[in-house]
There are 2 protein chains.
Amino acid sequence: MSVDPVLKRIDSNLQDSLDRLMDFLRIPSISTDPAYKADCDAAADWLVADLTSLGATASKRATPGHPMVVGHLDGPGPHLLFYGHYDVQPVDPLALWDNDPFDPKVEDTPEGRVIRGRGASDDKGQLMTFVEACRAWIAEHGSLPCKITFFFEGEEESGSPSLIPFLKDNAEELRADIALICDTTLYDSRVPAITTMLRGMLKEEITITGPSRDLHSGMYGGAAMNPIRVLTRIIAALHDDEGRVTVPGFYDGVHEIPDEMRAQWDMLGFDHTAFLKDVGLSELAGEAGRSALEMLWARPTCEVNGIGGGYQGAGFKTVLPSQAHAKISFRLVGDQDPHAIDQSFREMVQAMLPPDCDISFNSDGAAPASVMSIDNPMFETARKALSDEWPDEAAFIGSGGSIPVAGYFQSLLETESMLIGFGKDDDQIHSPNEKYDVESFHKGARSWARILDALSKE
Amino acid sequence: MSVDPVLKRIDSNLQDSLDRLMDFLRIPSISTDPAYKADCDAAADWLVADLTSLGATASKRATPGHPMVVGHLDGPGPHLLFYGHYDVQPVDPLALWDNDPFDPKVEDTPEGRVIRGRGASDDKGQLMTFVEACRAWIAEHGSLPCKITFFFEGEEESGSPSLIPFLKDNAEELRADIALICDTTLYDSRVPAITTMLRGMLKEEITITGPSRDLHSGMYGGAAMNPIRVLTRIIAALHDDEGRVTVPGFYDGVHEIPDEMRAQWDMLGFDHTAFLKDVGLSELAGEAGRSALEMLWARPTCEVNGIGGGYQGAGFKTVLPSQAHAKISFRLVGDQDPHAIDQSFREMVQAMLPPDCDISFNSDGAAPASVMSIDNPMFETARKALSDEWPDEAAFIGSGGSIPVAGYFQSLLETESMLIGFGKDDDQIHSPNEKYDVESFHKGARSWARILDALSKE
């Protein structure tokens, strides 16, 4: 089975593929809003029907939330688990969209043709690149070169509440030689990428309580404790002057990146000045002595995502508030242990509390970093296949964000993940006027065809 | 003219005096709410009529806001300017009142009889103590022992926007030998007080701007500057470990209290444990080595009255916000210069800003502290007269709050103020179920009768 006719078929069938994607995009499968429950169900049905049309054994699987879709197609090569999600982000503020977000269009822009609509990139367009590659293989050769299990989720944009139980209950059916996740970006328009490092996350909301009620600062100011002052002292103490996090033991399990990876990242020529300028900044504000890509992909962080206390309206109320609170999140890398760090963070904060202060912690989840085993030869095979399709060599990159499903595949299915996606930073996912480049869609399908071919020859 | 029959008349006419106050309290003269404009006018008319019934030349004076009331009664002794305000606080939340706030009642409580209703203490009940003392003097002796100018404001609870221009325009008419302000409290039920120190105030809202828009902490966290972190570092740096304010030059003009005042305050036996316990606290949180009364009356403070930035709703958004803000107020004492401190504060904050940070300052007013000249013998005369009326000796005390009118009398009329009031800390002014003890009202009027007598003999 040769890949060349498959690639030609992908080219000649591009309009059909786009039409199918448009159909899929018209379903407003917003998972966070109960008003769209039937639409989420319809999107799952659409996928079952499409997989069935390929000859797959596919079905919708009920969960307490939105259904999962699982489908199987046999093949001689390794067993690949392909993951994507059919649910999309809400569309508000609707007024900022130039068109109806669920009436998708192909538009010509100065930067090329784009598919415009909610979900075009995240993640319907991305997941269909893989389905279209499979369709072309089957149309050309009657079957696939690898054994495929499709696994589509409908709750990715609403915290994936059903994911862990579903993976536990269906581990035997879903376990594979490797998982392919299509929910990430290219490094840039010329350089495709396999994301091999994802930061983990630890989130804690802290609330500090001092006086039993809000106090008048004329009557009590100077004698009574102010929880905002306590909170700001704690937050200010979380970093040292070099920008390092001061929580004891925080850097346990943080590894320096290997020399060859550092060399490869250096070759990417990341322009941090342009990156920062785009958001009104000019200087890196992270750990002293680290490159921008290290800060973003390979170093852990502590950030305050929100803070509040006292009077925040117009004008002044000279109040000493009873409470102040902050939302603090840590991005984790390497082998950092979220639970050990959480414990250490709580102890550090407790030790800083003055008398008369109570604190409550409200944990909002903890997940370790995912670091893929790029020693697995499949990574290099896939990297070469990607490099054949795109102008420049494919890169192994990191990601500052978190894609928890990769960690769950690792822990619950013992299956490593390769994250390969064709999105671009300007796709405006989660924002109005989301788009996906037609080139991403087209060359994405061609990339998967090449990857299936290459992995089947391992 | 002897004071004894005046005191007897106040006793025998108490019910009439209470009935008059009830009439006055039925007028809902809420100055902040335009819906009550006619009621504010009616309260001013009521006062003009009452003063006229005493034989005063009284009139309502228009301002761009609510009217002032000015009245004159001649007498042989020194010229006294008496100040009170006829406007009252809003009544919301109305549901927390046991009765209609504008249908006042005299109630028997375990702690004694009280007048219940909005304005009972703040400030209609208080100002009527003086008017009733004058009425009894005139009824008994046909005239007053001192020359009196009554000056009643209707905008005290809404920031007194017309006060400064009115004082400037009418300085000749209002200037007196001393001003008497009845809008403060007793030290406690046994100890009457003359408030001789009022803290000043400086208010600044600061807003720190970093990135030009909110950023995703996965994409930018670790590399981009977070304005919440900058803000918390600034606030944490405003106090040293001893609780002293670190703004350069902040303590210029702060004087140690004189030894005799310290001795007198020590004699008051202030129970700071009970004071703090009442609001759920146990330890003083102010400057190390200072007594509670010093912290509250004689030391300057820096407090954060509000802070906000980033996501404050339920759950988490892993955002690096574009902005963070805080409302910071300073209570000032002695000869501290609000403008010099504001300048120094701004320079200190500016110097702490990292690159890429903008800051905006929004000043919300600055007023120096008021320190009365208790060397003026009228203070000791009034203190002795008060001591004759109450179980224990009267005290010269400080107040943590600010009563700006005393400062304006000083600067615009060159008239010193004596602040003498009969409110109690549990009067619930500005809150539901406001009350004024009948004892405060009755002994308040008797106190003024004695003070008029004593001052006339200076």
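Q: Two strands pair if DSSP finds at least two bridges between them; which strands, in what order, make up the open sheet of 8 strands?
A: The order is β14(A)-β9(A)-β13(A)-β11(A)-β11(B)-β13(B)-β9(B)-β14(B), with antiparallel pairing; strands here are DSSP runs of E with at least two residues, helices are runs of H or I with at least four, and both are numbered from the N terminus. This is a predicted model, in which local features need pLDDT of at least 70 and side-chain atom pairs count only at pLDDT 80 or more, while totals for chains, interfaces and linings use all residues. Residues are numbered from 1 along each chain as its sequence is written, and chains are lettered from A and ligands numbered from 1 in the order in which they are written.

Q: What makes β14 of chain A and β14 of chain B edge strands?
A: Each of them, β14 (358-367) of chain A and β14 of chain B, pairs on one side only. Between neighbouring strands of this sheet the average turn is 20°, direction ignored, where axes are lines fitted to C-alpha atoms (for helices over the stretch in contact) and angles run from 0 to 180 degrees between N-to-C directions.

Q: Which strands does helix α8 of chain A lie across?
A: Helix α8 (residues 227-236) of chain A lies across β9 (200-209), β11 and β13 (323-332) of chain A together with β11 of chain B, and runs at about 15° to β13(A).

Q: How many residues of chain B are in contact with chain A?
A: Two residues are in contact if their C-beta atoms, placed from the backbone, lie within 7 Å, and by this rule 63 residues of chain B are in contact with 64 residues of chain A. Among the elements of chain B that each supply at least two residues of this side are α7 (217-220), α8 (227-236) and α11 (292-298), while the largest share, 9 residues, comes from β11(B). The side of chain B that touches chain A divides into 26 nonpolar, 24 polar and 13 charged residues, with Ala, Val, Leu, Ile, Met, Phe, Trp, Tyr, Cys and Pro counted as nonpolar, Asp, Glu, Lys and Arg as charged, and the others, Gly among them, as polar.

Q: Why are the two copies said to be related as by a two-fold rotation axis?
A: Copies are superposed by least squares on the C-alpha atoms of residues with pLDDT of at least 70 in both, and a rotation of 179° with 0.3 Å of shift along its axis superposes chain B on chain A with an RMSD of 0.3 Å. The two copies are therefore related as by a two-fold rotation axis. The same surface serves both copies, in that 100% of the contact residues of chain B recur in chain A.

Q: Why is B:Ile27 counted as buried?
A: A residue is buried if 20 or more other C-beta atoms, placed from the backbone, lie within 10 Å of its own, exposed if 12 or fewer, and partly exposed in between; B:Ile27 has 23 such neighbours and so counts as buried. B:Ile27 lies in the loop between α2 (14-25) and α3 (37-53) of chain B, and, leaving out residues up to four places away in sequence, touches B:Asp39, B:Ala42, B:Ala43 and B:Trp46.

Q: Is B:Glu414 buried or exposed, and why?
A: B:Glu414 has 10 other C-beta atoms within 10 Å and is therefore exposed. Its phi is near 50°, a positive value in a residue other than glycine, and its place is in the loop between α14 (404-413) and β17 (417-420) of chain B.

Definitions and conventions
Pairing = 2+ DSSP bridges.
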